Amino acid sequence: MSIFGKIKDAIFGKKSAPAPAPSPTSGGTLQPPSNSGAATTSPTSQTSQPQPQSQVDVEQVLTGIASSKGNPDLNWRTSIVDLMKLLDMDSSLANRKELATELGYTGEKDGSAEMNLWLHKEVMRQLAAHGGKVPANLTD
């Protein structure tokens with residue numbers, strides 16, 4: 001799974017994961033998940049377009065995680081490193097470089113403040129594009 005996919009799942013929950021592939025015994029047709037009457041789409045369209053789901057308040061979720069973990073000092077609102085730490089992810093330079101590649105960063109992938117600020121803003125933009133409610137001050 002992509003680094004951004006892990007971030008998205010940690011905030012939105014696992015329901016944003018692609019539907020399971022049909023099993024050989026199902027006759028090759030996809031059935032809607034048993035807990036949802038929603039129409040299914042192909043896995044390709046699920047990964048290339050934002051998911052039609054109820055909007056998740058990203059700031060509220062992250063604030064709740066910080067409070068429940070007793071980590072109010074993590075500066076997840078501006079720091080990609082702190083955001084990844086809050087979500088129990090590896091915030092190493094290698095992972096941030098991979099995230100930068102996934103999200104299309106074109107600058108030097110050297111862990112600079114410029115790269116890290118861009119990553120944080122782009123993650124927030126992508127969360128918003130995938131149905132998250134993200135305050136404007138986190139995407140500007």
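**A walk around α3**

Let's begin where α3 begins: a side-chain oxygen of Asp57 comes to within 3.3 Å of the backbone nitrogen of Glu59. That is a polar contact, meaning a pair of N or O atoms within 3.5 Å, where one must be able to donate a hydrogen and the other to accept it, and neighbours in sequence count only if both atoms are side-chain atoms. This is a predicted model, with local features needing pLDDT of at least 70 and side-chain atom pairs pLDDT 80 or more, while totals for chains, interfaces and linings use all residues. Residues are numbered from 1 along each chain as its sequence is written, and side-chain values use heavy atoms, leaving out hydrogens and water.

Now follow the helix (a DSSP run of H or I, at least four residues; strands are E, at least two; both numbered from the N terminus). Val58, Leu62, Ile65 and Ala66 are the buried residues of α3, with buried meaning under 20% relative accessible area and exposed over 50% (1.4 Å probe, protein chains only). Looking down the axis of α3, these buried residues fall within an arc of 95° (taken from the directions from the axis to the C-beta atoms), so they line one face of the helix. Turned away from that side are the exposed Gln60, Ser67 and Ser68.

What do the buried residues of α3 pack against? They meet α1, β1 (56-57), α4, α6 and β2 (132-133), with contact meaning heavy atoms within 4.5 Å. Take Leu62: leaving aside residues up to four places away in sequence, Leu62 touches Ile11, Trp76, Leu83, Leu86, Leu87 and Met124.

Just after α3, Gly70 takes a positive phi of about 70°.
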